[in-house]
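Please open the structure in your viewer and keep the selection panel at hand. The stops below go from whole chains to single side chains.

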Amino acid sequence: MRTLPRFATALLVRFGPQEEPLLGDLVEEYAAGRSRAWYWRQVLAAVALGAMRNVGAHPARTVIAIAAGWTTAMLVFVLAGDRIADGLARWLWAWDRATAYQTGEWWPFWITSSALSYGVFALSAVVVARVARRPAGPVLVAYAGSMVLVLAASAVAIDVLTRMWGRVPVPHPLFYVVSVALPFYWRAGLVLAPAIVLAAGGAAMPRPVRP
Amino acid sequence: MSERLLTDFELMVLLAVLRNRDDAYGVSIAREIEATAGRSVTHAAVYLALDRLVEQGLATARLGDPTPERGGRAKKLFSVTAAGLRAIRRTRAAFVALWKGLPELKGSPS
């Protein structure tokens, strides 16, 4: 029997619908000669449709879990964002904000602030995985989807506002959310943020029954 | 009991279930739709539609025996209920009624 694409199968088992016969169907079809691309397409569709179905079946539970994730992230950014990002930059590179305003040397803060953003996204995903009851996988996919939506919408909004009015002031707590989707971070957050959410949340979930 | 009309995909899935009779499961249903309708489908979409139809009493599901070629996983076998058959007939009647008297639709599809 051909070996299944491992990463795709792990994605399906952790984040897809808890439907053993579906995985059995994919195993049978792949063994019969379907391509890797076909298998990946089936897995991605199963994960996306599973998340949508779960949202429809348990809307309150999904909304509460997603709200818990965003609340966690925003609380950390509001209460400790600057302290953590500035403190790390000071500790690592003897950087301070007052000097940066004069010298324009912001790279240490950009590094620590993006590390903080991703770290807090990971922490919020752990909260979502804990708050969502089983199966937590589809809820995490919905949370990752909400993150892509928020990042993409804020990136577009900032692009439009910048074209209209030049520089746009972004409140600091929001900066930690949206900065990773901006051009000076190569908009990497649109891919990295959901990937980190799924990886951290997936690690915090109870182990699946069978790989 | 649901009295609504079926969507085109639900209709295809239920007809594929009927055509496969005692061996109607994800693989055979998806292959039937691909072969007869020339439409590529994902298995997840087939399960999603069938689960909805089962919830509405238009189809039933039972687990078969695990088999080695499926990595030891069971098939989920589906069948159409009497209510499902009525829904198929009702949907067909609605389509046929809409079809009648349209000169543009005369002749074979091409």
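Residues are numbered from 1 along each chain as its sequence is written, and chains are lettered from A, with ligands numbered from 1, in the order in which they are written. The model is predicted, so that local features need pLDDT of at least 70 and side-chain atom pairs count only at pLDDT 80 or more, while totals for chains, interfaces and linings use all residues; side-chain values use heavy atoms, with hydrogens and water left out.

**Stop 1: chain A**

Chain A has nine helices and zero strands, and its C-alpha atoms fill a box of roughly 65 × 35 × 35 Å along the principal axes. Of its 211 residues, 46% are buried, where buried means under 20% relative accessible area, exposed over 50% and partly exposed in between, computed with a 1.4 Å probe and protein chains only.

Switch to a surface view: chain A exposes about 10900 Å², and carbon and sulfur atoms supply 69% of it. Accessible areas come from the Shrake-Rupley method with a 1.4 Å probe, and for residues only the protein chains shown count as cover. Next, select the charged side chains, counting Lys and Arg as positive and Asp and Glu as negative, without His and the chain ends. Chain A has 19 positive and 10 negative side chains, with the centres of the two sets 4 Å apart, when each charge is placed at NZ of Lys, CZ of Arg, CG of Asp or CD of Glu.

**Stop 2: the nonpolar patch**

Keep the surface on and select Ile84(A), Leu88(A), Trp91(A), Leu92(A), Trp93(A), Trp107(A), Trp110(A), Ile111(A) and Phe184(A), which form a nonpolar surface patch with about 900 Å² of accessible area together. Patches consist of residues with over 30% relative accessible area and no salt bridge, like charges being joined within 9 Å and nonpolar side chains (Val, Leu, Ile, Met, Phe, Trp, Tyr) within 5 Å. Which helices each supply at least two residues of the nonpolar patch? They are helix H4 (59-93) and helix H6 (107-131) of chain A, and H4(A) gives the largest share, five residues. Ile84(A) is found in helix H4 of chain A and is partly exposed, at a relative accessible area of 33%.

**Stop 3: a charged pair in chain A**

Now select Arg97(A) and Asp86(A), which form a salt bridge with their closest N and O atoms 2.7 Å apart. The pair ties together parts eleven residues apart in sequence, because Arg97(A) lies in helix H5 (residues 97-103) of chain A and Asp86(A) in helix H4 of chain A. A salt bridge is a side-chain nitrogen of Lys or Arg within 4 Å of a carboxyl oxygen of Asp or Glu. Arg97(A) is buried at 17% relative accessible area, and Asp86(A) counts as buried at 10%.

**Stop 4: chain B**

Move to chain B, which has four helices and two strands in the order α-α-α-β-β-α along the sequence. Its C-alpha trace spans about 55 × 35 × 20 Å along the principal axes, and 42% of its 110 residues count as buried. The accessible surface of chain B comes to about 6300 Å², of which 57% belongs to carbon and sulfur atoms.

Select Glu3(B) and Arg90(B), a salt bridge with the closest N and O atoms 3.1 Å apart. The two residues are 87 residues apart, Glu3(B) in the segment before helix H1 (8-20) of chain B and Arg90(B) in helix H4 (residues 82-99) of chain B. Is Glu3(B) buried or exposed? Glu3(B) counts as exposed, at 52% relative accessibility, whereas Arg90(B) is partly exposed at 23%.

Then select Asp23(B) and Lys75(B), whose salt bridge has its closest N and O atoms 3.4 Å apart. Asp23(B) lies in the loop between H1 and helix H2 (26-37) of chain B and Lys75(B) in strand E2 (residues 73-80) of chain B, so this pair ties together parts 52 residues apart in sequence. Asp23(B) is partly exposed at 35% relative accessibility, while Lys75(B) is buried at 18%.

**Last stop: both chains**

Finally, show both chains and select Glu19(A), Arg53(A), Asp51(B) and Lys76(B), which are linked in a network of salt bridges. Over all chains, a search of the whole structure finds 17 salt bridges.
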